[in-house]
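Reader: I am new to this structure. Could you take me through it in short questions and answers?

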Amino acid sequence: MGNSRDNWPKRIIDSHLHIYDDEFPLIENQGHIPEPFYIDDYRNLTRGLPIEGGVIVSGSFQGFEQRYLKAALENLGDNFVGVTQLPGSVSDEKIQQLNEHRIRGVRVNLKRGVHRDIEGIVEFGKRIWDLAGWHLEIYVDSRELDDMVPTLLKLPKLSVDHLGMAKSGLSQVRRLAEGGVKIKASGFGRTEVNVADAVKALYKTNPDALMFGTDLPGTRSNRSFEPSDITTIVNALESADGGADAVDKVFYQNARDFYQLP
């Protein structure tokens with residue numbers, strides 16, 4: 001183990017990135033509006049990485065805006081899909097139409113107090129699954145998961161952002177991983193989790209659970225993604241007795257399967 005790139009992944013799907021194109025409206029969230037972050041900015045910051053696809057995730061600043069997501073997905077091509085934000089009242093027709101634009105799930109923000117009705121969220125998650133095979137993605141402080149885990153495990157397809165954010169909530173995130181939930185190894189500058197310890201524990205819990213994401217541009221985090229984060233994850237997987245197969249699963253295969261990428 002070390003800082004060599006010899007053991008780095010040969011292919012990557014970035015399961016978590018944001019695009020903030022100011023051609024489309026942005027909404028102030030807790031007094032903050034992000035700086036623009038365009039597709040070219042993303043490409044410049046990831047130049048040299050073997051990224052073969054990815055997932056654009058709607059941020060809290062984008063509300064229920066879909067135009068930016070459609071435009072970005074059209075620009076980036078077939079190996080990129082989207083996770084959007086939608087109200088529970090959205091029509092079946094709207095979901096099916098968005099599915100044609102390679103949108104594959106709905107993000108629910110529990111971290112910033114946007115949603116609290118967990119039973120209602122689960123019903124919505126079942127509905128979008130039945131309609132379009134979509135999943136729910138939750139942004140949550142894992143310390144709040146205690147009472148939610150049994151309910152969330154009723155969802156047919158679920159992912160959790162940024163290793164669950166809180167170090168003391170890792171046991172709850174592991175319970176979700178045991179139940180087949182995907183956990184994003186992302187948000188390295190915003191999570192309180194010890195990334196290496198969490199990756200090692202979660203890989204041992206369920207080798208199919210972890211998916212790597214850059215979380216670029218890292219708005220409101222202490223720092224944005226750095227290439228050394230890849231080394232941290234690779235070293236943690238090696239210490240969990242996972243070899244090249246483990247690296248390929250976490251950086252590529254798990255996300256490819258989950259998002260049904262070509």
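Predicted model: local features only at pLDDT ≥ 70, side-chain atom pairs only at ≥ 80, totals over all residues.

Reader: How do helix 8 and helix 9 lie to each other: roughly parallel or oblique?

Author: Helix 8 spans residues 228-239 and helix 9 spans residues 244-259. They pack at an angle of about 135°, with their axes 9 Å apart. Angles over 145 degrees count as roughly antiparallel and 65 to 115 as roughly perpendicular, with the rest oblique above that range. Helix 8 and helix 9 are therefore oblique.

Reader: How many residues in the contact of helix 3 with helix 4 are charged?

Author: The crossing of helix 3 and helix 4 is right-handed. From helix 3 come D92, I95, Q96 and N99; from helix 4 come R127, I128, L131 and A132. The contact divides into four nonpolar residues, two polar and, as for charged, two.

Reader: How do helix 6 and helix 7 lie to each other: roughly parallel or oblique?

Author: Helix 6 covers residues 170-178, and helix 7 covers residues 195-205. Their axes come within 9 Å and cross at roughly 30°. The cut-off for roughly parallel is under 35 degrees. So helix 6 and helix 7 are roughly parallel.

Reader: How many nonpolar residues does the contact of helix 6 with helix 7 have?

Author: The crossing of helix 6 and helix 7 is right-handed. L170, V173, R174, A177 and E178 of helix 6 meet A198, A201, L202 and T205 of helix 7. By class, one residue is polar, two are charged, and the nonpolar ones number six.

Reader: Is T214 buried or exposed?

Author: T214 sits in the loop between strand 8 (210-212) and helix 8. The relative accessible area of T214 is 2%. The limit for buried is under 20%. T214 is therefore buried.

Reader: Which residue's side chain makes a polar contact with the side chain of T214?

Author: T214 touches D14, H16, L17, Y42 and F225, leaving aside residues up to four places away in sequence. One of these makes a polar contact of 2.6 Å, side chain to side chain, with T214: D14.

Reader: What residue does the side chain of S60 join in a polar contact?

Author: S60 lies in the loop between strand 2 (51-57) and helix 2 (67-76). S60 counts as buried because its relative accessibility is 15%, and the limit is under 20%. Its side chain has a polar contact of 3.2 Å with the side chain of R220.

Reader: How many Å lie between K70 and H101, C-alpha to C-alpha?

Author: K70 lies in helix 2, and is partly exposed at 22% relative accessible area. Not counting residues up to four places away in sequence, K70 touches Q97, L98 and H101. K70 and H101 are 31 residues apart in sequence, yet their C-alpha distance is 6.3 Å.

How values were computed
Residues numbered from 1 in each chain as written. Heavy atoms only, no water. Axes fitted to C-alpha atoms, helices over the stretch in contact; angles between N-to-C directions. Helix = DSSP H or I, 4+ residues; strand = E, 2+ residues; numbered from the N terminus. Buried < 20%, exposed > 50% of the residue type's maximum accessible area, 1.4 Å probe, protein only. Polar contact = N/O pair within 3.5 Å; in protein donor to acceptor, adjacent residues only side chain to side chain. Contact = heavy atoms within 4.5 Å. Left-handed = near helix turned anticlockwise from the far one by under 90°. Nonpolar A, V, L, I, M, F, W, Y, C, P; charged D, E, K, R; others polar.
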